[in-house]
Amino acid sequence: MARHLASVIAKQILRRSTNKTYSTSSNVPKGFLAVYIGETEKKRFVVPVSYLNEPAFQDLLSKAEEQFGFYHPMSGLTIPCGEDTFINITSSLSR
């Protein structure tokens, strides 16, 4: 259930961000999604959509939902964690 919920949340956020005229979604290859990472300064990462099924990534999505709801200031999926934390988590995920 949590996996399905995280997937639905990410899809809703991405759908809203791709409707913006200033979205950079065209720079994201098929099968990937752009996320913005950082607590103050945001850095853009492109990650495989398969990460949406990973429990560790779903925990990050839950934190994003708690902090931002469906409003993401970068007009894309924003995850409020440190860059080092994000890299450590995603480097252990399967692609």
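Guide: At 1.5 Å a residue, the 14 residues of helix H2 (residues 55–68) should span 20 Å, and the end C-alpha atoms are 20 Å apart, which agrees. The expected span is 1.5 Å times one less than the number of residues in the helix. Helices (H or I, at least four residues) and strands (E, at least two) are DSSP runs, numbered from the N terminus. This is a predicted model, in which local features need pLDDT of at least 70 and side-chain atom pairs count only at pLDDT 80 or more, while totals for chains, interfaces and linings use all residues. Residues are numbered from 1 along each chain as its sequence is written, and side-chain values use heavy atoms, with hydrogens and water left out.

Visitor: Which residues of H2 are buried?

Guide: Buried means under 20% relative accessible area, exposed over 50%, and partly exposed in between (1.4 Å probe, protein chains only). In H2 the buried residues are Phe57, Gln58, Leu60, Leu61, Ala64 and Phe68. Viewed down the axis of H2, these buried residues fall within an arc of 155°, so they line one face of the helix. The arc is taken from the directions that lead from the helix axis to the C-beta atoms. On the face of H2 turned away from its buried side are the exposed residues Asp59 and Glu66.

Visitor: What follows H2?

Guide: Gly69 follows H2, and its phi is positive, near 65°.

Visitor: How is the overall order of elements to be read?

Guide: The protein chain has 3 helices and 3 strands, which run α-β-β-α-β-α from the N terminus on. Buried residues make up 39% of its 95 residues. Contact means heavy atoms within 4.5 Å. Of the contacts in the protein chain with a separation of 6 or more, 55% come from residues 24 or more positions apart.

Visitor: How are S1 and S2 paired, parallel or antiparallel?

Guide: Two strands pair if DSSP finds at least two bridges between them. S1 and S2 pair in the antiparallel sense over 6 bridges. Leu33 stands opposite Val47 in S2, and Ile37 stands opposite Lys43 in S2. The two strands form a hairpin with 5 residues between them, and Gly38 in the turn has a positive phi of about 140°. With S3, S1 pairs in the parallel sense over 3 bridges; there the bridge partner of Val35 is Leu77.

Visitor: Why is S1 described as largely enclosed by the rest of the structure?

Guide: The description applies because 5 of the 6 residues of S1 are buried.

Visitor: Which residues touch the most other members of the largest nonpolar core?

Guide: In soluble globular proteins, nonpolar side chains tend to be buried together. A nonpolar core is a set of buried Ala, Val, Leu, Ile, Met, Phe, Trp, Tyr and Cys residues joined through side-chain atoms within 4.5 Å. The largest one here has 17 residues, of which Val35, Ile37, Val47, Phe57, Leu60, Ile79 and Phe86 touch the most other members. At least two residues of this core are supplied by each of strand S1 (32–37), strand S2 (43–48), H2, strand S3 (77–79) and helix H3 (83–91). H2 gives the most, with 4 residues. Not counting residues up to four places away in sequence, Val35 touches Lys43, Arg44, Phe45, Val47, Phe57, Leu77, Ile79 and Phe86.

Visitor: Where is Tyr51 found, and does it count as buried or exposed?

Guide: Tyr51 is found in the loop between S2 and H2, and it counts as buried because its relative accessibility is 1%. Its C-alpha atom is separated by 9.6 Å from that of Leu33, 18 residues apart along the chain. The side chain of Tyr51 also reaches the backbone oxygen of Thr90 at 3.4 Å. Thr90 is found in helix H3 and is buried, with a relative accessible area of 12%. Not counting residues up to four places away in sequence, Thr90 touches Tyr51 and Phe57.

Visitor: Where is the place of Gly76?

Guide: Gly76 lies in the loop between H2 and S3. This glycine is buried, with a relative accessible area of 6%. The C-alpha atoms of Gly76 and Ala34, 42 residues apart along the chain, are separated by 7.0 Å.

Technical notes
A polar contact is a pair of N or O atoms within 3.5 Å; within protein, one must be able to donate a hydrogen and the other to accept it, and residues adjacent in sequence count only if both atoms are side-chain atoms.
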